Amino acid sequence: MPPFRLGSLLQPTSRRSFSRFAPLACRTSSSSQITNFSATAPRLNKPSQSTNWTPKMAPADVSKYLQQTHDSVFEKNRAWAAAKLGEDPSFFDKLAAGQEPEYLWIGCSDSRIPAEQITGLEPGQAFVHRNIANLVCNIDVNVMAVINYAVEHLHVKHIVVCGHYGCGGVKAAMTPKDLGLLNPWLRNIRDVYRLHEAELDAISDEPARYNRLVELNVIEQCRNVIKTAAVQKTYAANGFPIVHGWVFDFHDGLLKDLNVDFKKILQDIQKIYNLTEQ
Ligand SMILES: [Zn+2]
């Protein structure tokens, strides 16, 4: 069996068969399903006259390829900066003056979901945090610092947790295999499955069950955002931020609003997680 590759987390899943989710059962037949997709890995846009990367490339060609793909980014950066200046000569003066984003975006690290590009947001309009499977863990200092800073200092009005169908992180979490350091991270998704086990087990169609787990994971991460003191106290004082759960679909490029009922969730969780008092 080929070794598990982290890169395979970010691969499309539409061509894979879905084994029945059985998080606590040892079904070795399903563990190989996330291992063989390196051939379809998304790659950097290549500069003109570039060498195509292949696994058996000679060392000199590998060096050439690395230099080309490095230089390509800077070429495109210069072109982007020139285009922005052409559109608005004061663009970078405004950018340097500071940020006042309306949105905090918490999304998956998947390379196919650039927050600004799929929403039409410009630089300065979204504060962005991304990790594998768009998780909001209360002991993750990174995401907690991002939420705190975005809410208390940037005064964002909207917090979006955006997942996506075909999420390799969610798929990997449901694979009965030891993934090393990823185990504790992805365990959060198994916990989502456990919380919603009856609903998920009742869905006989495997892709549909997997899609529903993606949605439920987004909703649970919204709940985790709402549990934070920063969100609860700032909302009580200002009436914002409000929290949204969205899912991106590769097949049509559209965002689906899960219509998370922010006020109801806030009310429900404050029975136990109320942090608004001094
Ligand atoms: Zn993902």
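Let's start where helices α9 and α11 meet: their crossing is right-handed. In this predicted model, the two helices pack at an angle of about 65°, with their axes 10 Å apart. If you want to find the contact on screen, look for C222, R223 and I226 on the α9 side and I265, L266 and I269 on the α11 side. By class, five of these residues are nonpolar, none is polar and one is charged.

Now follow α9 to its contact with another helix, α7. Helix α7 covers residues 182-195 and α9 covers residues 206-226; their axes come within 10 Å and cross at roughly 100°. An angle between 65 and 115 degrees counts as roughly perpendicular, and α7 and α9 are therefore roughly perpendicular to each other. Helix α7 brings I189, V192, Y193 and L195 to the contact, while α9 brings L213, L216, N217 and E220. Here the division is six nonpolar, one polar and one charged.

In soluble globular proteins, nonpolar side chains tend to be buried together. The largest nonpolar core in this model has 47 residues, and its largest share, eight residues, comes from α9. Among the elements that each supply at least two residues are the strands β1, β2, β3 and β4, along with helices α5, α6 and α7. L104, W105, V160, V161, V170, L213 and V225 have the most contacts inside the core.

Two asparagines come next. N134, in the loop between β2 and α5, has a positive phi of about 45° although it is not a glycine. N259, in the loop between β5 and α11, has a positive phi of about 50°, again without being a glycine. Are these residues buried or exposed? N134 has 30 other C-beta atoms within 10 Å, so it is buried. N259 counts as exposed because it has 9 C-beta neighbours inside 10 Å.

Finally, visit M57 in the loop between α1 and α2. With 14 C-beta neighbours inside 10 Å, M57 counts as partly exposed. Not counting residues up to four places away in sequence, M57 touches V62 and Y65.

Key:
Residues numbered from 1 in each chain as written. Predicted model: local features only at pLDDT ≥ 70, side-chain atom pairs only at ≥ 80, totals over all residues. Axes fitted to C-alpha atoms, helices over the stretch in contact; angles between N-to-C directions. Helix = DSSP H or I, 4+ residues; strand = E, 2+ residues; numbered from the N terminus. Parallel < 35°, antiparallel > 145°, perpendicular 65-115°, else oblique. Contact = placed C-beta atoms within 7 Å. Nonpolar A, V, L, I, M, F, W, Y, C, P; charged D, E, K, R; others polar. Left-handed = near helix turned anticlockwise from the far one by under 90°. Buried ≥ 20, exposed ≤ 12 C-beta atoms within 10 Å, placed from the backbone. Core = buried A, V, L, I, M, F, W, Y, C linked by C-beta atoms within 7 Å.
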